[in-house]
Each structure stands twice: as structure tokens, then as C-alpha cells.
Amino acid sequence: MIIQLIISGLAIGSVYSLVALAHSLIWSGVRAVNFAQGEVFMAAAFVALTALSGAGRLPALPFGAAVLVGVVAASLIGLVIYNVAIRTTSKKGFLYALGACIGFSTLLQSSAILIWGSTGEQFPAQISMVPLRVGSIFIAPQDLFIMGISLTAMIILYFFLSKTRLGTAMRAAAQNREVAGLMGISHRLTDSLTFMVASCLAGLAGILLAPKFFVTPQMGSMISSKGFTAAVLGGFGSIPGAVLGGLLLGVLENISAGLISSSYKDAISFLIMVLIIMFKPEGLLGVKGGRKA
Amino acid sequence: MLRVQNLTKRFGGLVAVDNIDLHVREGEIRGLIGPNGSGKTTFFNLISGFDRATSGKIEFMGSDITAGSAHGLARKGIARTFQHIDLFKGMTVLENVTAAAQCHARPRFWSSLLGTPSVRKEDQALRNLAMEQLEFVGIADHADDLASSLPYGLQRIVEITRALATRPALLLLDEPAAGMNPTEKQDLVELVRRINASGVTVIIIEHDMRLVMGLAETITVLDSGSKICEGLPAEVQGNPRVIESYLGSGGVGKKQTHAYAAEPSGALDVSGASQNPAAKGQDSFILSVDSLNSYYGNVRVLKDISFKMREGEFTALIGANGAGKTTLLRTISGMMSPRSGRVLYKGEDITGLSSDRIVARNLIYVPEGRGVFPALSVQENLMMGAFRRSDKEAIKEDLEYVFGLFPRLKDRRNQKGGSLSGGEQQMLAIGRAVMSRPRLLLLDEPSMGLAPKLVDEVLETVMNLHDEGLTILLVEQNARAALSVAERGFVLEVGSLVHEGPAAQLCDDPAVKAAYLGG
Amino acid sequence: MKARHHENFITHVLPFILIGVIALVPLLTRDPYLMHILVLGGIYVILAIGMNIITGYCGQINLGMAGFFAVGAYTSALLTTRLSLSFWLALPTSALVAGVAGVLVGVPALKVRGGVYLVLITTSFAGIVQVILNQWVSLTKGPMGIVGIPAPAIGNVLIYERIHWFYLTYAIVAVIVFLAIRLVGSRIGRSFVALRESETSAQSIGISPAFYKVLAFVCSAVLAGIAGSIYAHYMTTISPDAFGFNLSVLALIMIVVGGIGSIPGSIVGGVALALFPEWLRALGPYQSVAYAAGIILAVVFLPKGLLMMGVDAVQLIRKWFLAPDETSEKEVS
Amino acid sequence: MATKKSLRILILLAVVLVIAAVVIVSQMSRTKSEIVIGVVGARTGDNAALGEKQANGAKLAVEEINANGGVRGTELVLALEDSQGLPAQAVACLDKLIYRENVLAVIGDCQSSPTLAMLPVIAKAEIPLLAHGTSLSITQQNNPWVFRTRANDVVKFSSLVGFLVGEMNYSKIAVFHDSADYGIGGADAIIGGLAERSMDVVANESWTPGDKDFSSQLINIRNTKPDVVIFIGPMVDMGLAMKQARQIGIEAQFAGGAGIESETTVGAAAGAAEGLIFAAGFISSNPDSKVQSFVSSFEEHFGYKPDDFAATGYDSIYLLAAAIEEAGTDPADIRDALANLEYQGVEGTFDFDSVGEGLHTMAYGKVANGVPTYFDPNNQ
């Protein structure tokens, strides 16, 4: 049974990882937090769904193209959030950025209700529903699909950050903005890029989970806070930490809910957050005495 | 009254304060000097409880305070100011001082909430005490002004007043004169004397040597965390170890073999406005700086700086800590904007352009502290230098060229930048700048924190780069080393250019020593 | 000296003028709908003052106000329904219990450096309170909530009518405003602001960060507890879903919109955030889009908050319309 | 001097602002001789979907009634307000409806806690409230103005248990519910219903509303090898839970109360809802002609099939129309008329008892080919 719990924990955990990656990427690169991340997640799922099923005169697109449309939409939303909510408030203090982001999260959610209605829609499954059976363990092909795509996205991200000029520039700006400027790397470029890449990840997470979940305007709020916990668990701002934190949180939640009580599943996630912040604020893979949050 | 024994503070591998013994008598004014990074402020932090010592003991008025908390020590009578002014900006001056005056008062929550007569009386007394302090210092007129609205010099004074309002027995002043003009400095000296006369023992960290030598009876000199000398001002001034720690130890020594005619450009104009920039043909100057004024907040750091550099020149800009050397380079490279004045690069006005656009013009700045990207590999660091270039083949060639210059970097090309030693990091920073194909290279304190042998090695490379035709503006605190490689030198003192001349001459100029050590 | 008068006027007189003007509304209309919104506004004001003490004055971001509010509401509801305690005893008790919760959050929050972690730790607290309210069914009746919370009485008169609640709420608000003005003007308030402006400097003049930060947490928790208690008795029924994350966010928006570190700003912010969504009801389905857009605009374009914008506007009007000789005085400050 | 002037101006400005606020809030008072019925429901927030369906049902009913000449020759008008599912907001909505829109009666809220908060206001304003929350306590507040137009949790789930045990002969029953009032109340009703038959549930697991991943709880349920799993909670959650249950290999019969057969839930379950048994007042495949005409015109108007919430909105309006037709526009008369009314709606037969419960029996259905169908156990 433990193995079953771990496997399903890994599936949800890989999605937590993507959202945690988005949080960590933005934190390490821009020193900001996008509290509307969950709504980016939601919006991408809706846009992809609309692209998949076609709307008005627009033709229905194949799955791959719909994913692309959704991810691009997410990155554009990220760009707007950065330019309206983060950049304008960067000098006024964290409180204002927080307020503006929260405003965006309400705005995106209520806009989604206006556009797509509040009843939610089913995202057509791309993968067979029939579970695979290995011994006494059942594995949903969908979960494997989610894990596979998440892993692929993380690998692509890794290559983007480490092998491309822009990705290296983003990392350089994350380490020392001033000196990066001296290399001719403009802050606005890397900051915008960071927000767009992070939003792509959050959007991809939303689209991946859409067939498993149901696409509703409210689907983002839970995932965003779980993503936070995962990012903090792994070490806020650390890229490998975000991946590890997400997977670990998924598994921990599942095991504790399975073995202790499911009623306190959320409390456990909160408790993990409080304990980590208090006793190991740098997280599992963060740098000790690194930058302060 | 203060006895410090074997005090040591380590940050990771770095020993910031190394086994220091110090005794300060009651009623004394003690000067604490030393070059940048010598551990003076860390020492203050240890005494005032902001940092915990790794080992050693601090005794204050007979009791052991090694493990005291900062606020607890403030109540015990140790007050301090900060190197960078740290006032409560949103409060008025009176509120700032009153907050300190309540140091010894109990919170009295319920009485305060209800505003009982007794607490009101007590509050009035606190306010009166604060007012008295303001009057004592002579800034009572500003009591109701917002602290952040005051000129810089006054903010320093407010900070001292705030420290005084806690009624300390020991006052620690961390560079109180930084950014002050001569009159303000004179007033400060007066003030510190009066504070001392009222029975407060003072320890003062100060870079303005004239000021601290005139003020303190005894001076303690720190270098790299250790106490290297202690004595009367005159003794300290003449101590060879002190001079070495300030002016540097020597230099590469090959400079003399170069036969450059190091004649003055005639562009230096200490008085301010440069009268005839066109007279010498502006085109022949790669860089000309025209009555530049830069501020940090309210502090005027650069005062009407004007100078010119020809293409292919190797110029050293020397001066003591806080003279404004780095600010000048930051202003030229676009990291900060000047309040007034112009920077011309190859005849083009680049004043106020953002740094990435200045980089595009091949004016490259290697910042103080090297600015290596610690989590990027050596090769990635170098490639970032070529961020704006798209000529792949040439980048490859340049990479090989840099590896040729610094073979050590080639061996470590896949190591993280942060794992390199200080010298290697400096090489990396210079190599990275070379990757940008600079026409004019601004180097900021390449010798900082390096062992003498490495300083030589780094400077030698810089000389080689110059030999290949690169124009270089080198900023150094280590004056002797810098002057030994450069052709021409400028001396910067408290924001103004005060001397100019061929490097070899400046090297032996007593005025240069004076700019560093006062006198 | 004028700057000081001006300052005194805004901090000491203006709050009471604002409350006074609101208290005069029943002369115009006793419309229960408006009364309801204003009672909610009054509860919001108390919440906003609490939020301002911890976040505006002491500089510690707190997104756990919903948790303290819920603690106050449930304490009061349980004491009056289970133990038949009077509202007048339940109110201070719930303030006390919320204050204890404030210590429970404040002490761990001391170990935390920086805004993001404070946000996370305080939201976690509110989240844990939510889980407890939902799961500890034997005490809280879980998601069903508590119904039939009795109305308070003054003598033999039950506070039941909207208009009575209106007066009761604003009387409590006035007392709290009075005490809050005292508090922030006292040496304690000075220490809070000192900590906000610079923790190092505050330490250097003998202010203990631990003591004052926890004290600020407790003060804000107590106020949230009082607001919660009033809310419980006013609504007569409470359930966990009323104390979600949105309420904490609302408290934050109230002080950002009203004015950070300002008691009169808290009054403006609290009442405005009660009225604003009601105005937008006319927009029907676009209500919450307009609301969100309004919040974003206010945060981005009103850095000093509504109140100070109003004050600035008044000065601008004076400059334009009053005799030119008076405008010459304004260069002070 | 200057200070005094600015003080005066400030006071003036404050007064002007407050008056403006009062005026804005007091505007739009309705004076026309229409019959206005208020609808309170969540249109934004986590439960926006419920409010939308409820409001659409009500809109359809109003349109139909007005097309047939209205009530007593007057058109019905709906006034919709968004409660966000929050108690304090629900009260504000209700206040606005009563004191601004002069409504004759109010329907809503779809959830129990906002409904409970509305009760004291209703009692004071003395107008009828047709409540849609299903928590038992709503009708136990001694409030004579409250009428419930949905089957409450006890009715729904104890009759479901009766059907599953009595008719279908299942014995190992697991319950999987959310931790909100609907889920806990429902689980209590099931446990109570089983206790009457000296039985107990084999598993009792819960989730937090809005959860997306249920694997750990489902694994616990799987280990007890139940015959039936009853799901109780928000529509999307139930669908996801059923899907995930099948994915980890639970092969038991699924069952639930009204709402579980909705297009939303069945869609979210993505095939896992096939064969599901449910108890509901309203079943869209009910061959009854009234139901069928409701279903087809609802689908035509709004593009999706109506469910329980839509039906309750629809029935509530017709109930009120019937009562007003009979009693006129005096609220007390309307109340008395409602109490005595016997009315056949799309949800079943309404016959309000002394506390205001309208529905007392349930119909049973089964999901076949993704569509809820009337279930006849003898005709399998």
C-alpha cells in the first residue's frame, strides 16, 4: 500500500514541482513573488481547452498545438503581471506587490467566470483511462503521462538555463543584477523573460492537470499554495530544490493522509511549511545564509 | 572601562577579526583606523552586540558582555552610530531622539494606552531630555523636520544625537565624517570633543586621517583583522607597517622599462570647469569627463571632476578609502547617473545611458569585488562577457585568447566561478571583460584582498593587455602597485582630483602619502 | 511648527471627525441595507487598525488576520451559546484568547526574516485555524458552524435592530480608535515604528525586537479578536467558510488602500472596502472584475492611500482657491 | 488659521463624500408596480457554479410565466445578487433586495451557511424565503418564513441508504465525503440510516472541498473492499474522486445524492460515473412531460442540461407564482398560501410541513451512457 501511496504522490508531486519551479525561478531571478501564479495555471488550462475544442470561427486544434497556445497565453499573462503589478511596485515595497498580485488573481478568476462561465468544463482525456496493474499496484496511464511531461519540461528548462545564451543570462542576472548589466544584459529583458518562463511552467502544469482535474475558474488557488510549500520545502529560489520539494510534498501528503487521517491533509502541508520556515528556512537544497526572503 | 581580550570572529573561512586585544580607558577618545576590509566595523559589531564573537572576551565596566544582546548593551551604556546612516526616516528628528531617550524607560503598556497623568509626565520628561540633547548638539531648530529631509551632514549629527540620548558611557562612532564638507567636519570635531568632555568615552572609526589624528589621543590600526600598531597619532603616521598597509607594498617593477612619455594631458582642472576642451582636439581623447558631480542621496561624492584620457593610455586613479574612486567609475559606466556634468566617450555624450548600452560601445567596467557570477562555470562567466556579440567564430578565438592569458582559467573552465580563489576570480573578471572586446577598460581595485604575489600577477596581465593597445583606467587603493604599472596617475581626495602627474613622480610625492594618511 | 500641527490634526483629530461623520449618517437615512454595510465597515475598521499596528506600524507583514478573527468569533460564540456567558464578558475573553494566539504566531514569526516567509508563516497559521474549525467537530460543530449566537443586551434592551448595532459598533470603534491613537503615539508606538524603519538602529538604542514584535502581534490579534466577536454576535451564525484567506487579503487591501501606518487611513480603508463592492453591485456580472481592477489601480497609483490623497487634494484646492498669501505658508515641511 | 481652514474643508469634503456614498448606495430604489423576486446566490467565488445554475433555472421560470401573462396580470421581475457564498455578503444581498428592490420574496442561497446568516433578516423583514441549502438546521430555527425547496440531507441520504440496502441488497457501504457541511451532514444521515438497520459503514473518509487528489483516502477505501461507495461533496470533486477511484482499481458500485448525476460531475468522472446510482428529487430523464419540457427549454436557453440546482431555482419561482396568484402581494398571505400549497414541480411533489420542508420523497436514477436515467431495479 505504501508503494501505491508513493506512486500517486509522485504524480501530483510532479505537478507541484512545476508550480514550485515557477515560484523559485521568479524569486531567484527577480526577487519577487507572483501570488497570482495559480490563476496563470487556471487561465492556461482554459485557453488550451478552448483551442482544443475550437471557438467561434477558430478551428479546433490538435492537442499539441492547443498546449502551445495555452502556454503562450500563460507567458503573456505573466508578462502583463510583471509589468503592471511587479515592476511598478518594486520600489514601494513588498506589501504593494502583494496587493497588486492579489488584485490580479481576483481579476483573472472573475474574468474567467465571465468568459467561460463558472460551471467548469471537462478537458478531454488524451490518454487511456484504464489503469495498469502491476502486482497489487494500480498505475493510471494519465499519471505516467503527467510525470513524463513534467520531467520533460524540467529537462527542457535545465537545458534552456544551462546551455543557451539567454538562459545563462537569466542565471547571471539572478546572481548579480548589477554585474549582469555590465555585461550588457538588460534587467527588463531578463526579468520579463523570467516571468514568462515561470508562467509557461505554471501554465503547462495547469494544462497537464486539466484532464485529470476539471477545468474551473477556481482550480488555481489550491495549487498555488501547494507550490509555495513545495518551493519552501526544497529551498526557496533553488531550482533542483523546487523539483525535490514538489515530489516530496506530494508523497508526504499522500502517505500522511493514507496512514494518519485524510482530514488533516492540508494541515500537514501547512505544518510542513511552518516547521521548515522555522527550523530550516534555507530548505532542503537551498544555500544556507543565502539571500534573505 | 573596555577590555577586549583575544577577540576573534570568523565568517565561514574568513577571519574578520583576528585575536585582538584592546584596552580603552575611561574618558578617552580612541581612534580606530585601517584600510578597507580590515575588520573595524566587525569589531564595532562585536562590542555592541550585533555580532557574536567566535572566541575571546569583552569586558565593559567590569562586567563580561561577550554574549550580550545589542539592545541589552545599549541599555548598559554602549551606544553606536553606523557606517551607512541608519535613521528612522519616517520620523521627525525629535521622534528619532525621543525613541532613544526612552532607552531606560519601561514600556508601561496600560498606562500608555490610557494616557494616565503619570505616564504623560514621564513622556514629557523624555521629550524634554531629547530636546536637551538636540540643544546640546545644536540642532534643536530641526526638531520637527523629517529625518530623511535633512542634508546628509545633519543626518550624521542626528544619528550621533540619537546615540547620545541613550545616555551612554561608551560611544562608538563609525565613520561619522564620511560625506561631510570641511566646515561640517570642523563642527563634528568640536562636537566629539564636547561629548567627550561631558564624560563619554569615544571610539571612532574614521577614514579622514587629519580628522581622526587631530581628535584621538591614541590610535589603533587594524589590518586584515589584526591589530598592527597602537600609539600616538604621530607614531602611527610614521610606522612603516601602517604606511605599507595603506599605500601598498611595492609593485611590479617592470614599468620602468617602458619608454612612454608620460606627460600630463593638461586636462586636469582641479578648479572645476574645463575651459577649452576643443583646444587639444577632442577627437584624440577616448574619454573626457567634464565637471562631473555625483551624489549618493544627499551626499556629494564627486565634486566637479574633470579629466581626459587619450586612446592607448594607461592611467591610474589612486586615493584613500571613500575618496570617490568607485563612484567615478560607476558614473562613467552608467551604473549611476551624475547630478551634473558630462561624460564623453570618443566624442559621443554617453552621460546617463544605461550600463548595458554603454557596454555596447565597448567601454567595459570590471567592478570592485570582481562580480564573478558564483554559480556559473568559468566558461559561462566568460561567455557572459560576450553576451552582446553574435560573431561565434570570433568569440571562440577570444575565448582561446583569454585562456592563453590566464592558463589557470582554462584548467578550471568547468568549475563554478564561486569556487575559485580570489586571484583566479580577479583573472576571470578581467578575462570576462576582454571577452567584450573592450576599447576602454575600467578596472576597479583589482588588488583588493589578494596576496602580494597575486597582485603582481594580475597587474602584469593588465600591463600586457595595455601593451596590446588597450586603453586602461585603473583605480587602486594600493597606490604604489598601481603607479608602478601605469603611465600617468591622478590622485583623488574626498571627491576632488588633487594631483596629476607621471606615475613615477607621483610614487614618491609626499602629497600622495598625505592624501592617504593625513598630516 | 506648522508641520507639527498639521500632523497632530491628522493623527489626533481627523479620526474622530471621520467617525463622527459616519455616526451622523442615521440622520440622513436609517436604511437597514446601508446600516448593514456600515456595521460591516465598522468591523473592518477594527480589523484594519489591527492590521495596521502589526504591518503598517511595526512593519511585519501579517496575512493571518482571518485566523485571529476566527479565534475571536468562535471564542465568543462558544462562550455565549455553550456557557451562556454575557456578550460583555465574551467580548474581552475572546480578545484575550486571540491575544494568546497572537503570542503563538508572534514568537515563531520572530525567527523569520523577510516578507515572503512572514506571509507564508502567517497564512499557514490561518490555514491551520481553518482546518481545526472544520475538523474539531465536537467543539466547533465543524463546517456546519454555530447558529443562534445571542444578541448582546444593554440593561434590558437587546441589541437587535440594525441601527442599534450601528451605534454599538461605532461606539466600540471610537474607543478602539482612541486607544490606538494613544498606543501609536506612545513610546511603544515609537518603538514599533523604529523597528519598521530600521531594526538594527532600533536595537542600537535599546529597543528589544523580540518584545515589541510579539507585542505588536498581540495587539493586532486582540483587535482582530474583538472584531470577530462583534461579527459573530451581529451575524448570529458563524461557519468556517467566512474566515478564509480572502478575509486576510481584505485586511491587507484595506490598509494599502486606506493608508499604511495611519489610524485615520484604517478608518477610510475599512469603510471604503465595505462600500466599494456594494457600489459595484450595479454592474451585475462585471462587479468582481471591476472590483479587482479597482484594487490593482489603487495599489499601483495611490501609494499613500485614499486618505492622504484626500488630504493632498484638500491642500491643492486650498492652494487654488484661497487667498494667495496663505499659500506661501505651505513651504514648511 | 490655515489649519482651521483646512479643517473646515476636510470636514466639508468628508461630509460630501459620505453623502455621496449614501446617495449612491440608496439609489435605484424600485418603485414600479412589478412583482419582484430576489435571488441570492454565489456568482463568483468557489461555488459560483451552483449560483449560476440556480439563477438560470429561476430566469427560465420567470420567462415562461411572463410569456403566459405573468402573475395576476403583472410581470415577474428577478433581482439577482451575488453572495460569493459568504454569510456577510449574503446578508448584504438580502438587505439590498428587501430595502432597495422591494422584493416580495427571496430564493436562495444555494449553500447552507449563507442561508443560515440570512434567516434573522428574513424573520425581521417578514417576507418568505425559499431556501436551497440542504443543512438540516435551516428549518429548525423556528422561523415561519422559511420554506425549503430541495430535499434536505437527511431525506436524501437516508432514503438513498434505504434504497441501496433494502432494494439492492448491498451490505458493505463506504462513504467518501467532503469536510464541509454538505458532506458531513450527508455522512451523518447515512450512518444514521444504517444504524436503524443495525449496520455501519465499512469506511468513512473525507476530503477538503476543492481537493484534486484523493488517492490516499481511496486506497484506504479500497482496502475495505466495499460493495458500494457513496460520494458526497462538491460536484467537480465527486467526479474526480470517482475517476481516481476507478483508476486505483475500486470496482464497487458508486452512489450519491442529487448533484452527483450532473453533467459537471459525470463529465469530471470521465466515464467512471457509468452505472452510478443516485437519489434525487429531480432527474432530467424523468419521462414526466413537465420535466421534459423544462429540460428541453433549459438546454435550449443555456446550452447544458439542468440539474438539481437549476430545478430548484425553477420550482421555487413557480411555487411563488402559484402562491402569489392565490394570495396576492401581501407577504404574510403569500406565506400562508405557500404553507398550504400542494404543487407538482420538476423536483417532485411539494407539500410544506410545519417547519417548511417541501420535499419528502426521492426518485432514484442511474447513469447510463453518461446520461442520468430513471432507475427501475426490476427492469435491469
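Q: How many of the residues in chain C are buried?
A: Buried means under 20% relative accessible area, exposed over 50%, partly exposed in between (1.4 Å probe, protein chains only). In chain C, buried residues make up 65% of the 333 residues. This is a predicted model: local features need pLDDT of at least 70, side-chain atom pairs count only at pLDDT 80 or more, and totals for chains, interfaces and linings use all residues. Side-chain values use heavy atoms, without hydrogens and water, residues are numbered from 1 along each chain as its sequence is written, and chains are lettered from A and ligands numbered from 1 in written order.

Q: How many helices and strands are in chain C?
A: Helices (H or I, at least four residues) and strands (E, at least two) are DSSP runs, numbered from the N terminus. Chain C has 16 helices and 2 strands. Its radius of gyration is 20 Å, close to the 20 Å of the globule rule for 333 residues, so chain C is as compact as a globular protein of that length. The radius is taken over C-alpha atoms, and the rule is 2.2 Å times the number of residues to the power 0.38.

Q: What share of the contacts in chain C joins residues 24 or more positions apart?
A: Contact means heavy atoms within 4.5 Å. Of the contacts in chain C with a separation of 6 or more, 77% are of that kind.

Q: What should helix H14 of chain C span?
A: The expected span is 1.5 Å times one less than the number of residues. For the 15 residues of H14(C) (residues 287-301) that gives 21 Å, and the end C-alpha atoms are 21 Å apart, which agrees.

Q: Which residues of H14(C) are buried, and what covers them?
A: An α-helix has 3.6 residues a turn, so residues three or four places apart point the same way. Among the buried residues of H14(C) are C:Ala292, C:Ile295, C:Ile296 and C:Val299. Their cover includes helices H3 (63-86) and H4 (94-116) of chain A and strand E2 (76-82) of chain D.

Q: Which way do the residues of strand E8 of chain D point?
A: In a regular strand the side chains alternate between the two faces of the sheet. D:Val228, D:Ile230 and D:Ile232 point one way from E8(D), D:Val229 and D:Phe231 the other way, and all are buried.

Q: Which strands pair with E8(D)?
A: Pairing takes at least two DSSP bridges between two strands. Strand E6 (residues 173-178) of chain D runs parallel to E8(D), with 5 bridges. Strand E9 (residues 253-257) of chain D is also parallel to E8(D), with 4 bridges. D:Phe231 stands opposite D:Gly256 in E9(D).
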